[in-house]
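User: Could you take a close look at one strand for me, with its pairing partners and the packing around it? I would like the cut-offs spelled out as you go.

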Amino acid sequence: MTSYSDEHLTTILKRAKVIAVVGVSMNPVRPSYYVARYLGLKGYTVIPVNPGHAGKVLFGQTVRAGLGEISEPVDMVDIFRRSEAVPPIVDEALELFPKLKTIWMQIGVEHAEAAAKAEGQGVDVIQNRCPKIEYQRLFGELRMGGFATGIISSKLG
């Protein structure tokens, strides 16, 4: 996995308010669905983006066909697409959202050239990580699913 300091990840997660989730699914068992749902429950405004579900409502927001249908400012674009699909998404995000602060690529998603382009324009890039997992880990919520928190919560007697 790409290495990022906990301080850097915490800063990104604290400053983001509006997150466009590209490739979100309407299926509750898909990671893109439950990650987007979780982020919404944590107070982020989540804008779902998926052309196959455009016009439907998910988490109280209308699903957009593409980033170009978003009129509000976006702080972070979270990408749930294959790595080869990343460059045009990054290009569009950089063009449409002048105040964009972060491009976040989910676990298994990486694209060095697109990341370098975004970073060259002052946008932070996180690759091959999940904001839900990082949020839970950094803000003390990760206790289930086999993830170690580093906190001893009980002792054998």
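Analyst: Valine 22 has isoleucine 79 as its bridge partner in β5. Strands here are DSSP runs of E with at least two residues, helices are runs of H or I with at least four, and both are numbered from the N terminus. β1 and β5 run parallel and are joined by four bridges; two strands count as paired when DSSP finds at least two bridges between them. This is a predicted model, in which local features need pLDDT of at least 70 and side-chain atom pairs count only at pLDDT 80 or more, while totals for chains, interfaces and linings use all residues. Residues are numbered from 1 along each chain as its sequence is written, and side-chain values use heavy atoms, leaving out hydrogens and water.

β1 also runs parallel to β2, with five bridges between them, and valine 18 is partnered there by threonine 45. To get from β1 to β2, the chain passes through helix α2 (residues 31-41) in a right-handed β-α-β crossover: with the strands pointing away from the viewer, the path from the first strand over the helix to the second runs clockwise.

Now for the packing. Because five of the five residues of β1 are buried, the strand is largely enclosed by the rest of the structure. Buried means under 20% relative accessible area, exposed over 50% and partly exposed in between, with a 1.4 Å probe and protein chains only. In a regular strand, side chains alternate between the two faces of the sheet. Here Val18, Ala20 and Val22 are buried on one side of β1, and Ile19 and Val21 on the other.
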